[in-house]
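I opened a new page for this chain. My notes follow in the order in which I looked things up.

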Amino acid sequence: MSVWTAALLGFAAFALIYAALVCALLAFGRPTDARALAGFLPDCAVLLKRLRGEGGLGRRERWLVAAGIAYVAMPIDLIPDVVPVLGQLDDAIVVALVLRSVVRAAGPELIAAQWPGPERSLAVVLRLAG
């Protein structure tokens, strides 16, 4: 099996698990949580893009945000994306570390101002960022 096929299968497995979690929240009568979970990854991507262009960040933090975006976008990771769930865990850790650095440098207000999603998701991001 080629690396691209394995990566595609890993992504498909992750997407199925993610969709199953959203459907489970809907089935248990929690539509607000389901919407928040369904939009969490896209919201994080938008947040990183907005932070990259943020003028209030120092040069170091802007470079960290750019490096975090590049790492998440790269098909080669520390833990291959072929491994369901764990393959995306290293990406989540990198994003959390980047956000932690940004929060320590600029404060949680900057993250809150740039966050495109619901407040409950913002609370999770700020908790992850420390």
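I began with surface patches, which are made of residues with over 30% relative accessible area and no salt bridge; like charges are joined within 9 Å, and nonpolar side chains (Val, Leu, Ile, Met, Phe, Trp, Tyr) within 5 Å. Accessible areas come from the Shrake-Rupley method with a 1.4 Å probe, and for residues only the protein chains shown count as cover. A salt bridge is a side-chain nitrogen of Lys or Arg within 4 Å of a carboxyl oxygen of Asp or Glu.

This is a predicted model, where local features need pLDDT of at least 70 and side-chain atom pairs count only at pLDDT 80 or more, while totals for chains, interfaces and linings use all residues. Residues are numbered from 1 along each chain as its sequence is written, and side-chain values use heavy atoms, with hydrogens and water left out.

**Entry: the patch.** I found Leu89, Ile93 and Leu97 in a nonpolar surface patch; together they have about 280 Å² of accessible area. Leu89 sits in helix H4, residues 86-106. Helices (H or I, at least four residues) and strands (E, at least two) are DSSP runs, numbered from the N terminus. I noted Leu89 as partly exposed because its relative accessibility is 41%; buried means under 20% relative accessible area, exposed over 50%, and partly exposed in between (1.4 Å probe, protein chains only).

**Entry: the whole chain.** I counted six helices and zero strands. Of the 130 residues, 34% count as buried. The chain exposes about 8,000 Å², and carbon and sulfur atoms supply 71% of that.

**Entry: helix H6.** Which residues of H6 are buried? In H6 (residues 119-129) they are Ser121, Leu122, Val125 and Ala129. Seen down the axis, they fall within an arc of 100 degrees, so they line one face of H6. That arc is taken from the directions from the helix axis to the C-beta atoms. The face turned away carries exposed Glu119, Arg120 and Arg127. Just after H6, Gly130 takes a positive phi of about 90 degrees.

**Entry: Leu99.** I listed its contacts (heavy atoms within 4.5 Å). Leaving aside neighbours within four places in sequence, Leu99 touches Leu47, Leu48, Leu51, Ile111, Val125 and Ala129.

**Entry: the salt bridge.** How many salt bridges does a search of the whole structure find? The search finds one. Glu61 pairs with Arg60, and their closest N and O atoms are 3.4 Å apart. Glu61 is buried, at 10% relative accessible area. Arg60 counts as exposed, at 57% relative accessibility.
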